[in-house]
Amino acid sequence: MTNRTDLSTQAPTHAYDDLLDRCRALDPLATSVVFPCEATALAGAVEAAHARLIMPTLVGPRQRIAKIAQEAGLDIASFEIDDAPDAHAAAAKAVEGVKAGRTEVLMKGSLHTDELMAAVVAAGTGLRTSRRISHAFVLAVPNYPKPLIVTDAVVNIAPALEDKRDICQNAIDLAHSLGQTTPKVAILSAVEEVTTRIPSTIDAAALCKMADRGQITGAILDRPLAMDNAISFDAAKTKGLISAVAGDADILVVPNIEAGNILAKQFIFLANADAAGVVLGARVPVILTSRADSVRTRMASCGVALLLAHACRSTRVVGACRTSSLDG
């Protein structure tokens with residue numbers, strides 16, 4: 001398998017299975033599953049526990065969770081249930097569990113994303129660090145030869161340059177935990193030339209200069225790049241681009257949430273990509289999936305969080321899940 005490939009000639013890969021294979025040698029994570037009050041959300045936690053990815057504590061209304069488990073035929077007898085009356089209280093209690101050291105990861109159940117994230121970022125009681133919080137999709141695209149990270153498609157709506165610096169660094173740290181020693185980061189825009197008419201091209205140029213000066217570390221950043229040139233070497237060659245990233249990107253940094261959300265969902269629904277979702281930049285990884293996500297997607301997200309958390313343990317300073325410098 002070559003590093004630079006044309007999508008039209010690549011055979012499907014098994015990045016999802018490879019990811020879970022890497023997790024088998026690792027101890028499962030103590031995980032607060034926040035408000036798992038829907039059958040798929042609860043099944044995702046059960047399956048991840050059976051696969052030894054997590055050791056779940058179910059945080060939410062005890063009787064409601066038990067009823068859902070019974071109706072869905074799910075065995076949760078061995079799981080601790082931390083009783084909380086509603087989604088808001090469950091999110092706050094789960095964050096308290098992390099701060100007290102009882103759990104190492106948060107996993108979203110069936111509550112709204114903003115309910116969980118409000119508890120994560122709450123001043124004084126949350127899990128914020130000096131790093132901007134961001135989200136990353138880790139995608140196994142059938143016609144791409146390696147995992148592809150897309151960021152940020154969920155949390156930051158219209159990130160400023162300083163936010164994009166942290167978004168890049170969070171994704172780079174995540175890529176390292178997945179075994180990519182020097183990930184290649186494509187800063188996406190509509191064109192490859194820097195122009196004041198398209199502000200994202202100016203941000204792209206500034207981010208590359210930041211990398212040159214050590215403000216972003218551990219990766220190769222390049223240009224602004226249009227999507228085709230970021231992932232297709234043939235497209236880049238046709239345009240005459242000379243780039244260490246073009247056609248071989250590991251990370252796609254999008255200009256705003258609309259572009260990222262559309263791009264990620266195109267991969268998932270049109271290209272049949274397996275997807276994992278995780279929030280980075282907090283004190284611990286936050287497994288953040290959609291309420292419509294399958295059990296398979298939730299399993300992959302748990303796998304990514306497991307690899308990330310173990311990388312944080314071994315390096316002690318990984319920005320994607322830092323344990324110091326709380327903003328309050």
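Guide: Two strands count as paired if DSSP finds at least two bridges between them. This is a predicted model.

Visitor: OK, how many strands form the sheet, and in what order?

Guide: There are eleven, in an open sheet with mixed pairing. The order is β3-β2-β1-β4-β11-β10-β5-β6-β9-β7-β8.

Visitor: Which ones are the edge strands?

Guide: β3 (80–83) and β8 (220–225), each of which pairs on one side only.

Visitor: And what packs on β2 and β3?

Guide: Helix α3, residues 62–72, touches both. The direction of α3 makes about 120° with that of β2 (54–60).

Visitor: Which strands does α10 lie across?

Guide: Helix α10 (257–270) lies across β5, β6, β7, β9 and β10, and runs at about 150° to β6.

Visitor: Back to pairing. Do β10 and β11 run parallel or antiparallel?

Guide: Antiparallel, with two bridges joining β10 (274–280) to β11 (286–287). V279 stands opposite V286 in β11.

Visitor: What about phi of F35?

Guide: Phi there is near 55°, which is positive in a residue other than glycine. F35 sits in the loop between β1 (29–34) and α2 (39–50).

Visitor: Is F35 buried or exposed, and why?

Guide: Buried, because its relative accessible area is 9% and the cut-off for buried is under 20%.

Visitor: And N272, what is its phi?

Guide: Near 55°, again positive and not in a glycine. N272 lies in the loop between α10 and β10. N272 counts as exposed because its relative accessibility is 61%, and exposed means over 50%.

Note on methods: Residues are numbered from 1 along each chain as its sequence is written. This is a predicted model: local features need pLDDT of at least 70, side-chain atom pairs count only at pLDDT 80 or more; totals for chains, interfaces and linings use all residues. Side-chain values use heavy atoms; hydrogens and water are left out. Helices (H or I, at least four residues) and strands (E, at least two) are DSSP runs, numbered from the N terminus. Contact means heavy atoms within 4.5 Å. Axes are lines fitted to C-alpha atoms, for helices over the stretch in contact, and angles run from 0 to 180 degrees between N-to-C directions. Buried means under 20% relative accessible area, exposed over 50%, partly exposed in between (1.4 Å probe, protein chains only).
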